[in-house]
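Trainee: Could you take one part of this model and go through it closely? I would like the cut-offs stated as you go.

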Amino acid sequence: MSDISLTNVTQNYYDVLKEIGNIGAGNAMTALSQMLQCKVDMQVPQVQLMEFKDVGAIMGGEEQLMIGVYLAIEGDITGSIMFLVKHDSAKHLVNKLMMGMASEGPEFNEMELSAMREVSNIITGAYLNSLSMLTNLKIYPSPPSLALDMAGAILSVPAIEFGAIADQILLIQSRFSDDIEIDGYFILVPDLESYGKILASIGVM
């Protein structure tokens, strides 16, 4: 199955990836809504296959300050998933979770970073659960590692890992809002053999 190339994606394959992105992002937003105890509206996620070098620009430029959470994936498929959110949006989420008790200013204290880790854990967990249910594959995420940095620096981690596989990634942009609009980005990076398993499990191959 390792002869799959992400640079030659059939429409059928792309539709399946979009469906996985839609279901995953929808479940992630439901989990977030329950966690924040408020209604969270979500636009239809934008799902695109794109070259890794262009991802930073989509997020507002490589110098955009962001919080990124990275998890390795093991089990029936292997790879990694990242969830990124802009710095000010992350601060808003944390403040909401802490019932308005977050610190003033742009910095995150240890408690706020812990809260952001928890938010990201729940969002990525809901996403991976959707993928698992859709494919009947066992998927186990590692504990999340969190980074607060410019988009270019955060993205350099999966870029190195992904460079050995292909030059395109699956980017899912979920725009959601409670009282302010928040852009969240999922980057799913299964290894090539795992793409084959995902597609075979849902009858595309």
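**A buried strand residue and a helix pair**

Mentor: Isoleucine 73 is buried, with a relative accessible area of 4%; buried means under 20%, exposed over 50%, and partly exposed in between, with a 1.4 Å probe and protein chains only. The model is predicted, so local features need pLDDT of at least 70 and side-chain atom pairs count only at pLDDT 80 or more, while totals for chains, interfaces and linings use all residues. Residues are numbered from 1 along each chain as its sequence is written, and side-chain values use heavy atoms, with hydrogens and water left out.

Isoleucine 73 sits in strand E3, residues 65-75. Helices (H or I, at least four residues) and strands (E, at least two) are DSSP runs, numbered from the N terminus. Leaving aside residues up to four places away in sequence, isoleucine 73 touches Thr78, Gly79, Ser80, Ile81, Leu128, Ile139, Tyr140 and Leu188, where contact means heavy atoms within 4.5 Å. The C-alpha atoms of isoleucine 73 and serine 142 are 6.3 Å apart, although 69 residues separate the two along the chain.

At the start of H4, a side-chain oxygen of asparagine 109 comes within 3.1 Å of the backbone nitrogen of methionine 111. Just after H4, asparagine 136 has a positive phi of about 60°.

H4 packs against helix H3, residues 87-97, at an angle of about 95° with the axes 9 Å apart. The two are therefore roughly perpendicular to each other, a label for angles of 65 to 115 degrees, with under 35 roughly parallel, over 145 roughly antiparallel and the rest oblique. Axes are lines fitted to C-alpha atoms, for helices over the stretch in contact, and angles run from 0 to 180 degrees between N-to-C directions. From H3, Ala90, Lys91, Leu93, Val94 and Leu97 meet Glu112, Ala115, Met116 and Val119 of H4.

The loop between H3 and H4 holds methionine 99. At 69% relative accessibility, methionine 99 counts as exposed. Its C-alpha atom is 9.0 Å from that of leucine 36, 63 residues away along the chain.

Notes. A polar contact is a pair of N or O atoms within 3.5 Å; within protein, one must be able to donate a hydrogen and the other to accept it, and residues adjacent in sequence count only if both atoms are side-chain atoms.
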